[in-house]
Amino acid sequence: MSERARPSTATPQSPSKGDQPIRGLKPESLDEPLLRVRDLSVKLPTGPRQTVHAVRSVNLDVGRGERVGIVGESGSGKSVTVRAISGLLPESRRVEVNGSIRMEGEELVGAGKNTWQDVRLKRVGMIFQDPMSFLNPTMKVGAQIRESLDQGRSSEKSTSATIKYMEMAGLAEPQKLMEEFPFQLSGGMRQRVLIAIALAKCPDIIVADEPTTALDATIQRRVLRSLDDSVSRLGTSLLLITHDLAVVAGICDRVYVMFRGEIVESGTTEQIFYDPQHAYTKDLLRSVKSFTDGSAELYVSKYS
Amino acid sequence: MKSPPMLCASHVSKTFSRKKRAAQGGPAKALDDVSITVTPGDFIAVVGESGSGKSTLARVMLGLIEPDEDGGSVTYDGVALSEMKRDQLLRFRSSVQCVLQDPSAALNPRKSVRQIIAEVVKLHRIAQTKADVDAAVNHALSIVDLVPTEIYADRYPHQLSGGQRQRVLIARAVVLNPSIIIADEAVSALDVSVKAGILNLLNRLRLELNIGYLFITHDLPVVEKVADYVYVMRDGRVVEHGKRAELFISPESDYTRELLAAAPEPDPESARRWLRPS
């Protein structure tokens, strides 16, 4: 492993590329990771003549079976990054995506509609923070999971397969639950339905954007456990986006830290938590820890 | 010297439609014999998960809904809310304020920050002339650190960050010089460092203005540094209560222990054990 790059002393607004402590990024080689993002940049319209440069020059890798986390606060660009990867950015001429997103060696930026449709239906399973914005309120949950199964990669298309994925997602009494509508389920159960829908595709990668942020702590633990178990069983990769550092610490192998559209630091989970290099990362950790450590007061990050 | 006005819920019970709740598998009572006291200057935390009744508690203590007929009472400064005359009720409304979750729903998107706060100032007759109203607005904004106040006063909610919107809600509450503020999930939707900033602000206001808080949250760790006294609620009942230090160090109820264990620490070793205990 080459020597870890030292971060510049500049503020996070202007980290120069060569000084970014980017650890764990595979060099160009024959062994390409499942997902390889280079120089990704996304501009989004915010008004009649205004755009925001939401994502700037992002580089990230996710290997087969790897669990990778992206942490950052609101406005860091983490959600826009994963929506770009999953093909879920708004369709508009004013949305500009530049750079490279390669999945299994295939370039997605600039690819046609069929390729992106394939990505959404078969290759990427997405789990959002708010299940009700994703689930069809007029369709029974069993049917929605079955729909995902039918459109996905799995060769088994049957009710028993639907039940299998429901069980994998930790849903109890799947036969009974299949007949229910989303509004009849609790928050935690709805999130598990989203997990089942994502798993049923047999995707290469599951992308979860704040999957448990809206849930109570006890439920969060159980849902994350189910997600962790099922990802292990299926061998899918996991890209988890959250502002909750503790969740990332528990479930991810590697972490990218985002701030104002850029990745300011990356490394293994141990490196990020026990040996953070960048000022922003250190500040964020200090703030989170101040809630539960022995410090007298809560620490407010300089960058908030 | 007159004792500070206390807001007391005394043996409060609240039942919503029995049939519906039973069908959903929940308890028949949203609140069951709950007694809580908030004194100006105290930081009282109420911790509970979804369905614990904590939001119902907030509404009952704000006088927005009434307890059951034989379900106890809420008193402020010794007078039961149900027995207050009009002028007493008006004073109650300005003395006991609320800051609720989801500022985007609580702030009128078509009004500027100045208009939002001025509306409340004029309604409660804190000031009448434009000059006085503006002064009250600027003062409130400076108290919550939204400075320079002239810039923030002219902004609209969509031009503010989540933390800034929350500060506007606090300013709107504080401009009336309340004795008590009921905050329901006031920091839950905010990023960690913004949360820390808002909690520090609330604590500072408590010390400077002698405001008492009823701070309702599902997130137990959040109150570890700021609360004086903690009530833990489950299924409409208070299962445990005590001074903050005692409750966090040696909780008596299994449920409290479960809540404390449920939150992971930002440390890979312990977080991994939290996730995969075997």
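## Helix H10 of chain A and its surroundings

The buried residues of H10(A) pack against H8, strand S9 (254–259), strand S10 (262–268) and H9 of chain A, together with helix H9 (192–209) of chain B. Here a residue is buried if 20 or more other C-beta atoms lie within 10 Å of its own, exposed if 12 or fewer, and partly exposed in between, with C-beta atoms placed from the backbone. Helices (H or I, at least four residues) and strands (E, at least two) are DSSP runs, numbered from the N terminus. H10(A) is mostly covered, with eight of its 11 residues buried: Ala279(A), Tyr280(A), Thr281(A), Asp283(A), Leu284(A), Leu285(A), Ser287(A) and Val288(A).

A word on the model itself: it is predicted, local features need pLDDT of at least 70, side-chain atom pairs count only at pLDDT 80 or more, and totals for chains, interfaces and linings use all residues. Residues are numbered from 1 along each chain as its sequence is written, while chains are lettered from A and ligands numbered from 1 in the order in which they are written.

## A hairpin and a buried phenylalanine

S10(A), one of the elements that H10(A) packs against, is mostly covered too: six of its seven residues are buried. S9(A) and S10(A) pair in the antiparallel sense over six bridges; two strands pair if DSSP finds at least two bridges between them. The two strands form a hairpin with two residues between them, and Arg260(A) in the turn has a positive phi of about 50°. Phe259(A) has Glu262(A) in S10(A) as its bridge partner.

What does Phe273(A) touch, beyond residues up to four places away in sequence? Ala249(A), Leu285(A), Pro266(B), Asp267(B) and Pro268(B), where contact means that C-beta atoms, placed from the backbone, lie within 7 Å. Phe273(A) lies in helix H9 of chain A and counts as buried, with 22 C-beta neighbours inside 10 Å.

## Where the chains meet

The contact takes 34 residues from chain A and 29 residues from chain B. On the side of chain A that touches chain B, helix H7 (217–234), helix H8 (245–251), helix H9 (269–274) and helix H10 (279–289) of chain A each supply at least two residues. By class, that side of chain A has 15 nonpolar, 11 polar and eight charged residues. In this count, Ala, Val, Leu, Ile, Met, Phe, Trp, Tyr, Cys and Pro are nonpolar, Asp, Glu, Lys and Arg are charged, and the others, Gly among them, are polar.

## The nonpolar core

The largest nonpolar core has 164 residues, and Ala196(A), Ile44(B) and Ala171(B) touch the most other members. Such a core is a set of buried Ala, Val, Leu, Ile, Met, Phe, Trp, Tyr and Cys residues joined through C-beta atoms within 7 Å. Helix H6 (residues 187–200) of chain A gives the most to this core, with nine residues. Leaving aside neighbours within four places in sequence, Ala171(B) is in contact with Ile117(B), Ala140(B), Leu141(B), Ile143(B), Val144(B) and Leu146(B).

## An open sheet in chain A

Four strands of chain A form an open antiparallel sheet in the order S2-S1-S4-S5. Strand S2 (50–62) and S5 of chain A stand at the edges, each with a single partner strand, so one side of each is left without a neighbour in the sheet. Nine bridges join strand S1 (residues 35–47) of chain A to S2(A), and Leu35(A) has Val62(A) in S2(A) as its bridge partner.

Glu104(A) sits in the loop between strand S4 (96–103) and strand S5 (106–107) of chain A. Its phi is near 50°, a positive value in a residue other than glycine. Glu104(A) counts as partly exposed, with 13 C-beta neighbours inside 10 Å.

Chain B has 12 helices and 10 strands. Buried residues make up 45% of its 278 residues, and its C-alpha atoms fill a box of roughly 65 × 50 × 45 Å, taken along the principal axes.

In the loop between helix H6 (130–143) and helix H7 (149–153) of chain B lies Pro148(B), which a cis peptide bond joins to Val147(B), with omega about 0°. Arg125(B) is in the loop between helix H5 (113–123) and H6 of chain B. Phi of Arg125(B) is near 55°, a positive value in a residue other than glycine, and Arg125(B) counts as exposed, with 9 C-beta neighbours inside 10 Å.

Terms used: Two residues are in contact if their C-beta atoms, placed from the backbone, lie within 7 Å.
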